Amino acid sequence: MAEGDTILRLARRFDATLVGETVSATAPSPRGKAANVDRLDGHRLERAEARGKHLLLEFGELSLHSHLGMSGGWHFYRPGAGWRRPRSSAWAVLSGGEWEAVQFGGPTLRVTTTGRLRRDPQIARLGPDILADDFDPEAVIATMRADPTRGLGEALLDQHLVAGIGNIFKSEACFAARIDPWRATGDLSDEELREALLAARAQMTAAVESGGRHRFQIYKRRQSVCPSCRGPVSSRGQGDANRTTYWCPRCQS
Ligand SMILES: [Zn+2]
């Protein structure tokens, strides 16, 4: 599952491999052809940017917009190396210099003009990026106050409030801050909301630094015990999308 930490690592991987390169772009699968991936052929990748869970690759006037959701991925290969999945199933292949970046699956892959992408409501209405250098929790707290009835776990997932937190780090942040994810945001103090947001940022930053080998404390611990108090971990679907929240009722009350 690709949350903001995965997307930021991907953007850095592009920085290290294909940014600055003129790419050859192909779309082996019909889905990639429908996304107009081949329009990028012969263009230079100028910038790779993570905006929450969205990856934006800027090729001058054209941009590629990728959202991986639960199932999508980008793989990086040396030219001629064996691939982990069949070539025919790739949505996009970007080759340049010493690397190939290959994209498979996910809810969103499209090529559009850079100007249109920046105005796209999906991108333009994103809240502050939890992993941005200048992330300011106060701005998020102020907008959270507009809907005081929602549970904290649900609010942390709302990409219009704060961009980048997904289902794993929603649970991890509430656990690290020792706050019950079912408490309504209106019942939480500014200090508690700040702690939850900064916990999400700290956990996700650690995941970026560890290269994806981050160990989760509470997520999917249902069959297990709380690492802090050894009590049972609870789990239940939360919010309109019914995404499962994991929490320790003893430590997070
Ligand atoms: Zn506990």
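Trainee: Is the crossing of α7 and α8 left-handed or right-handed?
Mentor: The model is predicted, with local features requiring pLDDT of at least 70 and side-chain atom pairs counted only at pLDDT 80 or more, while totals for chains, interfaces and linings use all residues. Residues are numbered from 1 along each chain as its sequence is written, and side-chain values use heavy atoms, with hydrogens and water left out. Helices are DSSP runs of H or I with at least four residues, strands are runs of E with at least two, and both are numbered from the N terminus. A crossing is left-handed if the near helix is turned anticlockwise from the far one by less than a right angle and right-handed if clockwise, and the crossing of α7 and α8 is right-handed.

Trainee: At what angle do α7 and α8 pack, and how are they classed?
Mentor: Axes are lines fitted to C-alpha atoms, for helices over the stretch in contact, and angles run from 0 to 180 degrees between N-to-C directions. The axes of α7 and α8 lie 8 Å apart and the packing angle is about 120 degrees. Angles under 35 degrees count as roughly parallel, over 145 as roughly antiparallel, 65 to 115 as roughly perpendicular and the rest as oblique. The angle of about 120 degrees therefore makes α7 and α8 oblique.

Trainee: How many nonpolar residues are in the contact of α7 with α8?
Mentor: Contact means heavy atoms within 4.5 Å, and here Phe169, Glu172, Ala173 and Ala176 of α7 meet Ala196, Ala199, Ala200, Gln203, Met204 and Ala207 of α8. Ala, Val, Leu, Ile, Met, Phe, Trp, Tyr, Cys and Pro count as nonpolar, Asp, Glu, Lys and Arg as charged, and the others, Gly among them, as polar. Beside one polar and one charged residue, the nonpolar count in the contact of α7 with α8 is eight.

Trainee: Which residues of α8 meet α5?
Mentor: The axes of α5 (residues 137–144) and α8 come within 10 Å and cross at roughly 120 degrees, so the two helices are oblique to each other, and their crossing is right-handed. The residues of this contact divide into seven nonpolar, no polar and three charged. From α5 come Pro137, Glu138, Val140, Ile141 and Met144, and they meet, in α8, Asp190, Leu193, Arg194, Leu197 and Leu198.

Trainee: How many charged residues are in the contact of α1 with α8?
Mentor: Helix α1 (residues 4–17) and helix α8 (residues 190–209) have axes that come within 9 Å and cross at roughly 40 degrees, and α1 passes α8 in a right-handed crossing. Gly4, Asp5, Leu8, Arg9 and Arg12 of α1 make the contact with Met204, Ala207, Val208 and Glu209 of α8. With four nonpolar residues and one polar, the charged count is four.

Trainee: Which element gives the largest share of the lining of the largest pocket?
Mentor: On a 1 Å grid over the protein atoms alone, a pocket is an open set of points with protein on both sides within 12 Å along at least five of seven lines, a cavity is a set where a 1.4 Å probe fits but cannot get out, and lining residues have an atom within 4 Å of a point. Grid points are joined across faces, edges and corners, and a volume is the space filled by probe spheres set on the points, which for the largest pocket is about 380 Å³. Of its 22 lining residues, the closest to the centre are Met1, Ala2, Thr6, Arg9 and Gly212. At least two lining residues each come from α1, β5 (73–77) and α7 (167–176), and the largest share, five residues, comes from α1.

Trainee: Which element gives the most to the lining of the largest cavity?
Mentor: The largest cavity holds about 60 Å³ of space, and Arg47, Glu49, Leu56, Glu58, Ser63, Thr114, Leu117 and Arg118 line it. Two or more of these come from each of β2 (47–51), β3 (54–59) and α3 (114–119). With three residues, the element that gives the most is α3.
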